[in-house]
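Here are a few friendly notes to read alongside the structure.

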Amino acid sequence: MKQAFKSKVPFILIAVVLLWVKTYIVYKTSFNITIESVKQEFILFINPLSFILLIAGLALFFKEKGMKRYLIITSFIVSFVLYANAVYYRFFNDFITIPLLFQSGNMSDLGGSITELMTPMDLLMFTDVVILIALAKWTPQFVSMSTWRPKVRKMYFLSIVGIFLFNLGLAETERPQLLTRTFDREILVKNLGTYNYHVYDAVLQSKTRAQRAMADGSELAEVQNYINANYKAPNDDLYGVAEGKNIIIVKMESLQSFVIDNEINGEPITPFLNELKDQSYYFNNFYHQTGQGKTSDSEFLLDNSLYPVGRGAVFFTHGTNDFHTATPNAIQEKGYTPVVFHANNKSFWNRDVMYDSLGYEKFFDIASYDVNEENSVGWGLKDEEFLKQSVPHMKELQQPFYAKFITLTNHFPFVLDEEDRFVDEFDSNSRTLNRYFPTVRYMDESLKTFFDELKAAGLYENSVIIMYGDHYGISENHNEAMGQYLGKEVTPFDNAQLQRVPMIVHIPGVTDKNPKEFDTVGGQIDLKPTIKHLIGMETKNDIQFGEDLFSEERNDFVVFRDGSFVTDEVVYTKNACYDKETEEEVEQEACEPYMEKAKKELQYSDKIIYGDLLRFYDGTSIQLDESKLDE
């Protein structure tokens with residue numbers, strides 16, 4: 001091999017080293033990957049190498065001109081994949097999946113958010129490509145462009161296999177059964193690397209596509225047995241308390257609980273919500289459970305009491321599944337008219353398809369509103385205008401109705417017109433956090449106006465109004481600034497607690513007379529049984545993983561999509577167990593009783609979605625006669 005290389009450096013190895021070193025630098029500067037030992041650092045360093053060697057090695061089958069062109073194009077494509085992950089990670093603290101790429105229909109609406117995440121320094125991510133172009137054009141004396149003999153090529157590819165197996169072996173010592181038991185993409189990237197993770201993701205994509213074709217009703221039996229064994233009876237005092245009343249659900253965009261009863265620069269951030277919760281049933285330990293689908297995931301959780309999928313969004317990946325058990329479908333037997341109000345394009349998040357599957361009769365999308373430059377900002381129609389213009393549509397609906405509202409203004413990148421500012425920005429090194437407070441305050445004011453409009457329209461008294469935050473607004477990438485605001489260092493325990501979102505149930509004539517604050521640990525998956533019980537609908541035969549938030553028998557337990565969970569005593573996150581009272585890390589034994597339950601529920605829910613298993617269920621029993629199945 002020395003004779004083949006002589007004193008020159010092969011062009012292919014220059015390309016490999018540049019991309020390898022760049023990838024590691026991006027790992028350390030763009031991703032917040034937790035490293036706990038020298039071995040983990042070494043795994044992180046070597047994990048891009050096998051893929052880079054493999055993809056670059058294909059150049060060895062080209063002649064000089066073709067080899068140059070191939071390596072330059074390949075380096076650019078791989079660099080772009082790395083860059084796309086870095087930009088996505090800046091806000092979502094997550095990595096791109098293949099199902100997410102199929103959501104390209106959203107890109108036209110995401111323009112402002114993506115631009116906000118990009119910086120001029122990003123051009124440095126393609127420095128190695130520029131270097132390769134220069135070397136290919138001028139070919140300095142130290143660079144070799146010669147082809148390799150078959151024997152040398154064979155040694156090259158055998159070394160790739162060895163490096164990959166060495167990497168995988170080390171990774172398995174850190175995380176046993178890495179490829180079969182993890183729900184956390186960060187763990188996969190930390191141990192296998194970004195590129196190998198994407199290959200693994202492609203394999204999973206192929207596997208999930210085959211699951212529906214292979215599924216049959218017998219798979220649902222085990223799931224149903226688990227759900228039946230964990231059924232919790234409703235609260236007798238509240239069962240049917242809202243029967244016949246309109247159900248108004250307001251999904252408050254990006255609203256986290258830390259702003260409630262809190263201030264910015266001496267001014268209250270949510271004065272209306274602070275007052276409303278004191279006239280309502282308020283849940284102070286309620287968590288969002290969304291994955292990559294964010295707002296659409298929160299909708300899916302609300303209507304189905306199933307977990308979102310770990311990759312992409314159910315609204316896109318399984319929008320045509322059978323969801324006849326979803327609340328909008330089921331609630332019609334009680335005479336309810338299910339509708340959605342959201343001033344966005346109807347195809348965004350594939351809503352026009354998914355809403356049909358869920359059973360909504362009408363979608364008031366952007367075409368239902370008067371939208372212009374004066375009443376729009378950021379993602380579209382301002383919340384105040386959106387909610388005001390929605391009330392006349394509500395008055396035309398047959399009552400009782402089940403109406404879901406999705407707000408927009410408090411959405412990243414948190415842009416707001418000067419005339420809509422009620423509080424000043426925060427002062428930190430995070431523009432995202434700084435601008436978050438004024439948009440939250442604006443949304444709060446818009447909600448106050450909405451309540452006034454409901455009262456003026458005569459809709460308030462005969463309605464149950466349920467309001468909750470749909471997902472986080474500030475990711476852990478802004479922990480330093482968040483720590484400055486909270487006056488403390490943000491730990492993994494705090495990160496888990498920051499996933500709490502406000503949850504308010506307001507029933508005029510009921511909650512204002514006897515308001516109550518609940519410290520019940522719950523999440524968005526619990527909304528479906530809670531709502532159905534409030535209007536007097538039994539859920540004993542429902543395929544669901546949530547429990548009525550008011551049930552006196554319920555478990556204080558909430559599971560996140562990555563397998564983390566929270567109970568009334570412990571928090572399990574980032575592979576560590578924390579005592580809730582002391583906020584200190586404790587031995588894993590304290591969390592172990594709940595680990596299997598969390599894993600099982602996520603797996604059962606995935607099985608239902610990927611296999612489209614609800615098509616086999618008629619509401620009371622599992623249908624096993626294949627001749628009656630709609631394939």
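1. A salt bridge here is a side-chain nitrogen of Lys or Arg within 4 Å of a carboxyl oxygen of Asp or Glu. On that basis, searching the whole structure, which is a predicted model, turns up 30 salt bridges.

2. On the overall fold, the chain holds 24 helices and 21 strands. Its C-alpha trace spans about 90 × 60 × 50 Å along the principal axes.

3. Do have a look at Glu243 and Lys334, whose side chains form a salt bridge with 2.8 Å from N to O. Glu243 sits in the loop between α13 (218-229) and β3 (246-252), and Lys334 in the loop between α17 (327-330) and β8 (337-341), so the pair ties together parts that are 91 residues apart in sequence. Glu243 is partly exposed, at 47% relative accessible area, and Lys334 is also partly exposed, at 27%.

4. Lys277 and Asp278 make a salt bridge as well, with their closest N and O atoms 3.3 Å apart. Are the two partners buried or exposed? Lys277 has a relative accessible area of 7%, so this residue counts as buried; Asp278, with 47%, is partly exposed.

5. Another salt bridge brings together the side chains of Glu419 and Lys382, at 3.7 Å from N to O. This pair links distant parts of the chain, 37 residues apart: Glu419 is in the loop between β12 (401-406) and α20 (431-456), while Lys382 is in the loop between β11 (380-381) and α19 (383-395). Glu419 is exposed, with a relative accessible area of 58%, whereas Lys382 is buried, with 6%.

6. Ile73 belongs to helix α5 (residues 64-92). With 45% relative accessibility, Ile73 counts as partly exposed.

7. Finally, where does negative charge gather on the surface? A patch is formed by Glu36, Glu585, Glu587, Glu589 and Glu592. One of these residues, Glu589, is placed in the loop between β21 (585-586) and α24 (592-610).

Notes:
Residues are numbered from 1 along each chain as its sequence is written. This is a predicted model: local features need pLDDT of at least 70, side-chain atom pairs count only at pLDDT 80 or more; totals for chains, interfaces and linings use all residues. Side-chain values use heavy atoms; hydrogens and water are left out. Patches are made of residues with over 30% relative accessible area and no salt bridge: like charges are joined within 9 Å, nonpolar side chains (Val, Leu, Ile, Met, Phe, Trp, Tyr) within 5 Å. Accessible areas come from the Shrake-Rupley method with a 1.4 Å probe; for residues, only the protein chains shown count as cover. Lys and Arg count as positive and Asp and Glu as negative; His and the chain ends are not counted. The place of a charge is taken as NZ of Lys, CZ of Arg, CG of Asp or CD of Glu. Helices (H or I, at least four residues) and strands (E, at least two) are DSSP runs, numbered from the N terminus. Buried means under 20% relative accessible area, exposed over 50%, partly exposed in between (1.4 Å probe, protein chains only).
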